[in-house]
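Please look through the sequence and the structure shown here before reading on.

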Amino acid sequence: MLRFGILSTAKIGRELVVPAIQDAENCVVTAIASRDRGRAREMADRFSVQHAFGSYEEMLASDEIDAIYIPLPTSQHVEWTIKAADAGKHVLCEKPIALKAGEIDSLIAARDRNRVLITEAYMVTYAPVWQKVRSLLADGVIGRLRHVQGAFTYFNRDTANMRNIPELGGGGLPDIGVYPTISTRFVTGKEPLRVQAVTERDPDFGTDIYSSVKVDFGDFEQSFYISTQMAARQVMVFHGTDGFIEVKSPFNADRYGAEEIELTNRNHSESLVYRFPDSRQYKREAEAFADAATGGSAEVVTLESSKLNQKVIDAIYRASEKDGWEPV
């Protein structure tokens, strides 16, 4: 059993990741850390976790844990990932693991010198929904893939939310723009070559709140929009010469609709619906991470892949400042 320590009492850990780890077959949470020991103890008691630490450093020094899960604000991801790796711990870090592609080089160096696993927590890559999309595309069921469409939006103007605070790494592209990119790269095995983009920033927050993006993958194109101030919507469509695949709740499984994909043929005379009523993508993520960290063969998101994904986000920001294409 891989023993996890949770670095902070952040909401995503409380509501999604810690319950998933506790439900997993090959890992368990043994410690919670917070800069407020009382909050750490409260969360530890909630999940029947033995150890509660009043500082992050104290938990990193503990022999009671093998791995760290980091759900801190984005601006702190690189710093604490390196500290955890240098303490000899494997690291599962929330996305985005960095705010610039170049920062990931320091994480690769920390991984290699400490011989630990570091991976970015893209839960979608472990979801049965996306595994099925990848297999359908590989089998050529929609013919030649020509275009990918995507949308990911929600409405949030909470001034205290980290997503609206530039200093904490806030903004729509770091928070949700990464998902249409990682999912398309994951299922196609292709890398973007260049991008065009339009981005709008909030006049009060200074964060990017809307982006409309066009991506050239060489063999096919992608277009998607994301927003932190629009009505909630998620969808991904893979459109080919012989049909198309629509992913109904692509990123937050079961929260934006049914966990299903629909495969429709060329002339709409036949549709197949694949339903996934119990995907538990965070549980699968934890189990794959634990397997890989202990020498198993589970596929996880590599830091090299994370760097390629972040290069796309960096290019979108640059493209938003100009007309025309920007190379990735």
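Is Arg111 buried or exposed? Arg111 is buried, with a relative accessible area of 17%, where buried means under 20% relative accessible area, exposed means over 50%, and partly exposed is in between (1.4 Å probe, protein chains only). This is a predicted model, in which local features need pLDDT of at least 70 and side-chain atom pairs count only at pLDDT 80 or more, while totals for chains, interfaces and linings use all residues. Residues are numbered from 1 along each chain as its sequence is written, and side-chain values use heavy atoms, with hydrogens and water left out.

The side chain of Arg111 meets that of Asp112 in a salt bridge, at 2.9 Å from N to O; the term stands for a side-chain nitrogen of Lys or Arg within 4 Å of a carboxyl oxygen of Asp or Glu. Asp112, for its part, is partly exposed, with a relative accessible area of 47%. By this rule the model holds 26 salt bridges.

Another of these pairs joins Arg266 and Asp242, whose side chains meet at 2.3 Å, N to O. Arg266 lies in the loop between β13 (260-265) and β14 (271-275), and Asp242 in the loop between β11 (229-240) and β12 (243-247), so the pair ties together parts that are 24 residues apart in sequence. Helices (H or I, at least four residues) and strands (E, at least two) are DSSP runs, numbered from the N terminus. Arg266 is exposed, at 60% relative accessible area, whereas Asp242 is partly exposed, at 30%.

A salt bridge also connects the side chains of Lys248 and Glu260, with an N to O distance of 3.5 Å. This pair links distant parts of the chain, since Lys248 sits in the loop between β12 and β13 and Glu260 in strand β13, 12 residues apart. Lys248 is partly exposed, with a relative accessible area of 23%, while Glu260 is buried, at 12%. Both residues belong to a network of salt bridges that links Lys248, Glu260, Glu262 and Arg275.

The cysteines can be taken next. Counting as a disulfide a pair of cysteine sulfur atoms within 2.5 Å, the model has 0 disulfides. Cys27 is in no disulfide, and the nearest cysteine sulfur, that of Cys93, is 17 Å away. Cys27 is buried, with a relative accessible area of 1%, and Cys93 likewise counts as buried, at 0% relative accessibility.

The helix pairs remain. Helix α6 (residues 128-138) and helix α7 (residues 172-188) pack at an angle of about 45 degrees, with their axes 8 Å apart; axes are lines fitted to C-alpha atoms, for helices over the stretch in contact, and angles run from 0 to 180 degrees between N-to-C directions. The two helices α6 and α7 are therefore oblique to each other, given that angles under 35 degrees count as roughly parallel, over 145 as roughly antiparallel, 65 to 115 as roughly perpendicular and the rest as oblique. Their contact (heavy atoms within 4.5 Å) is made by Trp130, Gln131, Val133, Arg134 and Leu137 of α6 and by Ser183, Phe186, Val187 and Thr188 of α7.

Helix α4 (residues 77-86) and helix α5 (residues 104-114) pack at an angle of about 10 degrees, with their axes 9 Å apart, which makes α4 roughly parallel to α5. Here the contact involves Val78, Thr81, Ile82, Ala85 and Asp86 of α4, together with Ser106, Leu107, Ala110, Arg113 and Asn114 of α5.
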